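Subject: Structure handover

Hello,

Here is the structure I said I would pass on. My notes on the sheet and on the helix packing follow it.

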Amino acid sequence: MTDDTTSSPVAMVGVLPPDLVERDARHPFDPAPGLLGRRTSDRVQPLGLRNGAEAWLVTGFEEARRVLADPRFSSDRVRHRDATQLGPGETGGPAPDAPAPGERTDGMFVFMDPPEHTRLRSLLVGQFTVRRMRALEDRLTEIAVEHLEAMRSAGDTADLVPAYALPIPSLMICELLGVDYADRAEFQENSAVALNTGAAPEARAAAGGALYAFIARLVAHKREQPGDDLLSGLVHDADPPLTDAQLVDVALVLLGAGHETTANMLALGAFALLDDPDQLAALRADPAGRIDDTVEELLRFLSIIQLGVTRVATADVEVGGVTIPAGATVVIGTPETNRDPRHWDDPDRLDLTRPRVPHLAFGHGIHQCLGQQLARIEMRVGLSELVTRLPDLRLAVGREEVPLRNDMLIFGVHSLPVAWG
């Protein structure tokens with residue numbers, strides 16, 4: 001699974017200063033120490049990268065919204081050289097031999113600007129219907145209950161990551177894309193390896209290639225035998241039609257965005273609740289009434305997209321009193337923007353009763369997460385079923401023994417040992 005418009009999470013982690021992404025095991029839910037140390041009046045500040053390139057770090061909430069909403073900051077990594085993607089000695093600026101506007105033929109819409117981004121995203125918005133989301137919620141509840149019952153049947157301990165947090169979004173993606181039940185084991189196995197940056201590069205490459213081939217076969221199948229699923233809708237309803245290559249790219253974007261992120265939010269969210277008995281007790285006392293606020297507060301408090309959101313300035317732009325020069329890369333420090341003390345009182349405290357205000361866990365502007373409502377449903381059902389069906393669930397190890405995903409741009413835990421009974 002290769003595409004010049006995508007970035008390697010491992011490569012990007014490798015160019016960021018370690019103190020910006022490596023969280024402290026004693027305080028696993030807080031932003032990395034380097035981000036906390038930059039909580040000053042300078043919400044836009046220079047950032048030296050380990051590849052020798054220079055970028056700008058944005059840690060303020062309003063300043064980040066400004067960058068994400070301003071069309072002068074580009075997401076197009078084909079036409080603009082993102083400093084986090086450069087090798088040693090390379091320089092930023094316009095990409096050589098970049099295609100003219102309107103000439104891109106891939107489907108990686110997350111790394112596009114209008115009008116190319118607008119066309120592909122509008123096709124997807126039409127597929128995320130209220131009716132489909134409601135149908136998925138009913139199925140999601142069945143999946144959650146099935147896995148919780150399997151955990152209880154197997155004993156009184158489990159690793160919550162493979163037993164519960166990973167299968168829920170994986171099976172949801174299967175429902176969304178219309179993967180046949182008989183093919184789901186192959187799909188899940190290759191997805192898990194391809195998205196696991198802890199796996200050997202050769203294994204990831206092989207799994208990525210197998211996954212690409214799998215989705216290409218799925219697209220061909222949907223052309224011949226369409227169903228009531230998102231991929232069939234894209235195959236048959238797009239005007240003008242999308243190519244097979246574009247359809248595969250779009251499916252891969254949905255897989256990466258909707259699989260790994262939600263799985264990590266479910267596991268890390270459960271970890272945060274189990275680590276805070278007072279907040280967990282409040283949720284258990286009124287799961288139906290408090291779950292929506294719980295989801296929003298966990299999204300803000302945890303902010304698992306660390307420094308993976310970048311933009312390239314196409315003109316000189318003033319943000320927060322600082323002029324970002326044309327060609328410069330801006331890195332959004334999402335964990336810190338969602339702890340901005342100008343926007344939240346006592347931002348470093350998990351508070352499920354906190355009045356809801358906008359956060360940037362799903363981004364902002366035209367690239368705001370397309371599947372955010374599905375992610376919310378997955379978290380709402382996954383967490384509420386977990387705390388109600390396992391009322392005595394607890395951590396099986398100390399908080400500092402839980403292995404953190406400090407090698408990843410999408411933060412979370414590698415495993416979460418739990419016990420009950």
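**The sheet**

Please keep in mind that the model is predicted.

Strand 7 also pairs with strand 10 (residues 329-332), in the antiparallel sense and over 4 bridges. Arg311 has Val330 of strand 10 as its bridge partner. Of the 5 residues in strand 7 (residues 309-313), 4 are buried, so the strand is largely enclosed by the rest of the structure.

These pairings belong to an open sheet of 5 strands, in the order 1-2-10-7-3, with mixed pairing. Strand 1 (44-48) and strand 3 are at the edges; each has a single partner strand, so one side of each lacks a neighbour in the sheet. The partner of strand 1 is strand 2 (residues 54-58), and the two are antiparallel over 5 bridges. There, Gly48 has Glu54 of strand 2 as its bridge partner. As background, strands of a sheet pair through backbone hydrogen bonds, and they do so either parallel or antiparallel.

Helix 3 (residues 61-69) lies across strand 1, strand 2, strand 3, strand 7 and strand 10. Helix 3 runs at about 130 degrees to strand 10.

**Helix packing**

Helix 8 (residues 184-194) packs against helix 9 (residues 201-224) at an angle of about 140 degrees, and their axes are 8 Å apart. Helix 8 is therefore oblique to helix 9. The crossing of the two is left-handed. Helix 8 contributes Glu186, Phe187, Asn190, Ser191, Val193 and Ala194 to the contact, while helix 9 contributes Ala203, Arg204, Ala207, Gly208, Ala210, Leu211, Phe214 and Arg217. By class, the contact has 8 nonpolar, 3 polar and 3 charged residues.

Helix 5 (residues 130-154) and helix 15 (residues 372-389) pack at about 35 degrees, with their axes 9 Å apart. Their crossing is right-handed. From helix 5, the residues in contact are Met133, Leu136, Glu137, Leu140, Thr141, Ala144, Val145, Leu148, Glu149 and Arg152. They meet Leu374, Ile377, Glu378, Arg380, Val381, Glu385, Leu386 and Arg389 of helix 15. This contact divides into 10 nonpolar, 1 polar and 7 charged residues.

Regards

Key. Residues are numbered from 1 along each chain as its sequence is written. This is a predicted model: local features need pLDDT of at least 70, side-chain atom pairs count only at pLDDT 80 or more; totals for chains, interfaces and linings use all residues. Side-chain values use heavy atoms; hydrogens and water are left out. Buried means under 20% relative accessible area, exposed over 50%, partly exposed in between (1.4 Å probe, protein chains only). Two strands pair if DSSP finds at least two bridges between them. Axes are lines fitted to C-alpha atoms, for helices over the stretch in contact, and angles run from 0 to 180 degrees between N-to-C directions. Angles under 35 degrees count as roughly parallel, over 145 as roughly antiparallel, 65 to 115 as roughly perpendicular and the rest as oblique. A crossing is left-handed if the near helix is turned anticlockwise from the far one by less than a right angle, and right-handed if clockwise. Contact means heavy atoms within 4.5 Å. Ala, Val, Leu, Ile, Met, Phe, Trp, Tyr, Cys and Pro count as nonpolar, Asp, Glu, Lys and Arg as charged, and the others, Gly among them, as polar.
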